[in-house]
Amino acid sequence: TLTHMGLAPNGNRVLAPSTVELMRTNVLEGKAMETFVQRAGARLAGYGYGLGVRTMMDPGIGASLSPVGEFGWDGAKLCHLIADPTNELSVFHAEHLGNFHELVQPRLRNVIYACISRL
């Protein structure tokens, strides 16, 4: 089962589990999905977009080690958030590198997942 769906580390509820599920459910289809895939590029291959966050739909498309339902957000200057309720994993990474998202983010994600798969 998924745990920590909207709970802060101190146990306080921040979001209802149903809200987290809505956030990580792809809402794009048709032309909107085509446009997202075209603009997102290789680093977001396999992702769709939920309510404010990217959400993994097909890890095989992007050669990703993350599971379906992993979600997160990408910000300016290489800020990157991974939230994975299935593996109880949260990662925040930030560097001031400019436009190196395509290079760093997919590799960082797969290094992290390769490490936890060996635990």
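P67 is in contact (heavy atoms within 4.5 Å) with M56, P59, D84, T86, N87 and Y113, leaving aside its neighbours within four places in sequence. The model is predicted: local features need pLDDT of at least 70 and side-chain atom pairs count only at pLDDT 80 or more, while totals for chains, interfaces and linings use all residues. Residues are numbered from 1 along each chain as its sequence is written, and side-chain values use heavy atoms, with hydrogens and water left out. Helices (H or I, at least four residues) and strands (E, at least two) are DSSP runs, numbered from the N terminus.

**The loop between strand 2 and strand 3**

- P67 lies in the loop between strand 2 and strand 3.
- From P67 to Y113 the C-alpha to C-alpha distance is 9.4 Å, although the two are 46 residues apart in sequence.
- S66 is placed in this loop as well, between strand 2 (54-56) and strand 3 (71-74).
- With a relative accessible area of 2%, S66 is buried; buried means under 20% relative accessible area, exposed over 50%, and partly exposed in between (1.4 Å probe, protein chains only).
- Apart from neighbours within four places in sequence, S66 is in contact with Y47, M56, P59, R109 and Y113.
- The side chain of S66 forms a polar contact of 2.7 Å with the side chain of S64 and another, of 2.9 Å, with the side chain of E70.
- A polar contact is a pair of N or O atoms within 3.5 Å; within protein, one must be able to donate a hydrogen and the other to accept it, and residues adjacent in sequence count only if both atoms are side-chain atoms.

**T55 in strand 2**

- T55 lies in strand 2 and is buried, at a relative accessible area of 1%.
- The side chain of T55 reaches the backbone oxygen of R24 at 2.6 Å.
- Not counting residues up to four places away in sequence, T55 touches R24, T25, N26, G46, Y47, G48, Y49, G50, G69, E70 and F71.

- Six residues make up the largest nonpolar core: M33, F36, A40, L44, Y47 and M56.
- Helix 2 (residues 30-40) supplies the largest share of this core, three residues.
- Such a core is a set of buried Ala, Val, Leu, Ile, Met, Phe, Trp, Tyr and Cys residues joined through side-chain atoms within 4.5 Å.
- The buried residues of helix 2 are M33, F36 and A40.
- Viewed down the axis of helix 2, these buried residues fall within an arc of 60°, so they line one face of the helix; the arc is that of the directions from the helix axis to the C-beta atoms.
- K31, E34, Q38 and R39 are exposed residues on the face of helix 2 turned away from its buried side.

**Positive phi at residues other than glycine**

- Most residues other than glycine have a negative phi.
- A63, which is not a glycine, has a positive phi of about 50°.
- A63 is found in the loop between strand 2 and strand 3 and is exposed, with a relative accessible area of 58%.
- E88 is not a glycine either, and has a positive phi of about 50°.
- The position of E88 is in the loop between strand 4 and strand 5, where E88 is exposed at a relative accessible area of 51%.

**Largest pocket**

- The largest pocket holds about 480 Å³ of space.
- Its lining has 20 residues, of which H4, G6, L7, A83 and S90 lie nearest the centre of the pocket.
- Helix 1 (17-23), strand 4 (80-84) and strand 5 (89-93) each supply at least two residues of this lining.
- Strand 4 gives the most to the lining, with four residues.
- On a 1 Å grid over the protein atoms alone, a pocket is an open set of points where a 1.4 Å probe fits, with protein on both sides within 12 Å along at least five of seven lines; lining residues have an atom within 4 Å of a point.
- Grid points are joined across faces, edges and corners, and a volume is the space filled by probe spheres set on the points.

- A94 is found in the loop between strand 5 and helix 3 (101-117) and counts as partly exposed at 43% relative accessibility.
- Not counting residues up to four places away in sequence, A94 touches L78 and C79.
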